[in-house]
Amino acid sequence: MDRNQEIALTQMRKSVEKLGYSTESYGEKRLMRFLIARSMNPEKAAKMFCQWKKWRAEMVPIGYITDSEVADELAAEKIYLQGLSKNGHPVVMVKSNKHFPSKDQVQFKKFVVHLLDKTIASSFNGRETGNEKLIGIVDLQDITYSNADLRGLITGFQFLQAYYPERLAICYLLNMPQFFVTVWRFVCRFLDKATQEKVRIVTSEEQKQEFIREVGEDVLPEEYGGRAKLVLLQNVAVNY
């Protein structure tokens with residue numbers, strides 16, 4: 001950490017205290033995520049941190065979302081947790097043709113938190129460092145209009161932006177049908193520039209090979225050019 005980062009971090013801690021919260025139990029790497037997300041502006045980072053603390057206390061009062069709270073979403077068997085990429089990032093995959101817009105938005109929002117928390121926790125080597133990042137893979141193969149969930153996509157990305165700053169390493173969109181191009185353009189209106197730059201739409205053979213190289217054959221399922229089997233989210237045990 002350079003001198004300017006140290007100064008910004010100290011100022012952020014002071015600003016958080018002025019807002020009535022404490023950073024005492026939070027390490028530098030975790031707090032730096034908020035600073036980076038707010039262009040190293042200590043006041044804006046402090047405000048974002050406090051909003052996260054307040055949201056977290058309301059949304060996840062016991063520290064994690066249990067499987068029973070999101071049973072309907074898990075039953076769709078649409079999310080897979082594949083282990084760590086070549087760079088040590090946990091890889092989470094969505095089979096979009098198994099997803100349908102939820103009638104229970106409260107449960108869906110809890111499910112987003114559940115899958116993000118569990119994905120991040122799966123990368124811990126004994127203890128969280130605070131700057132773990134994840135790789136998302138969204139497979140759009142064989143989706144129809146009934147699978148296209150604008151609200152769900154926007155909710156997922158907005159949660160990442162607002163409450164999981166700098167947690168996304170990269171998100172791959174695979175097998176995008178032509179009709180979904182318009183859907184994605186609409187979703188992008190709700191994404192900040194930094195998030196949009198982390199999304200890669202894989203179309204060409206060259207892009208597919210790059211995708212396989214960056215993620216790693218050991219964690220990618222066979223149908224995507226790897227050697228692994230699909231592992232359902234609910235079949236992975238983690239320590240939060």
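Is Asn-175 buried, partly exposed or exposed, and what is its relative accessibility? Asn-175 counts as partly exposed, at 32% relative accessibility; buried means under 20% relative accessible area, exposed over 50%, and partly exposed in between, with a 1.4 Å probe and protein chains only.

This is a predicted model, in which local features need pLDDT of at least 70, side-chain atom pairs count only at pLDDT 80 or more, and totals for chains, interfaces and linings use all residues. Residues are numbered from 1 along each chain as its sequence is written, and side-chain values use heavy atoms, with hydrogens and water left out.

**The sheet**

Helices (H or I, at least four residues) and strands (E, at least two) are DSSP runs, numbered from the N terminus. Two strands pair if DSSP finds at least two bridges between them. Five strands form an open sheet in the order E1-E2-E3-E4-E5, and the pairing is mixed. Strands E1 (79–84) and E5 lie at the edges, each pairing on one side only. On average, neighbouring strands of this sheet are turned by 20 degrees against each other, direction ignored. Helix H9 (residues 205–215) packs on the sheet and touches E2, E3, E4 and E5, and its direction makes about 130 degrees with that of E5. Such angles run from 0 to 180 degrees between N-to-C directions, and axes are lines fitted to C-alpha atoms, for helices over the stretch in contact.

| Strands | Sense | Bridges |
|---|---|---|
| E2 (residues 90–95) and E3 | parallel | five bridges |
| E3 (residues 134–139) and E4 | parallel | six bridges |
| E4 and E5 (residues 199–202) | parallel | four bridges |

Particular residues mark these pairings. Lys-95 stands opposite Asp-139 in E3. Gly-136 has Cys-171 in E4 as its bridge partner, and Tyr-172 stands opposite Arg-200 in E5. Strand E4 (residues 168–174) is mostly covered, with six of its seven residues buried.

**Helix H6**

E3, helix H6 (residues 150–163) and E4 make a right-handed β-α-β unit. A crossover is right-handed if, with the strands pointing away from the viewer, the path from the first strand over the helix to the second runs clockwise. The 14 residues of H6 should span 20 Å at 1.5 Å a residue, and the end C-alpha atoms are 20 Å apart, which agrees; the expected span is 1.5 Å times one less than the number of residues. Among the buried residues of H6 are Ile-154, Phe-157, Phe-159 and Leu-160. The buried residues of H6 pack against several elements, including helix H3 (42–59), helix H5 (105–121) and E4, where contact means heavy atoms within 4.5 Å.

**Helix H9**

Phe-211, Ile-212 and Val-215 are buried in H9. Seen down the axis of H9, its buried residues fall within an arc of 95 degrees, so they line one face of the helix; the arc is that of the directions from the helix axis to the C-beta atoms. These buried residues pack against E2, E3, E4 and E5. Glu-206 and Arg-213 are exposed on the other side of H9. Gly-216 follows H9 and has a positive phi, near 110 degrees.

**Loops with positive phi**

Most residues other than glycine have a negative phi. Asp-142 has a positive phi near 60 degrees. Asp-142 is found in the loop between E3 and H6, and is exposed with a relative accessible area of 56%. Asn-175 also has a positive phi, near 55 degrees, and its place is in the loop between E4 and H7.
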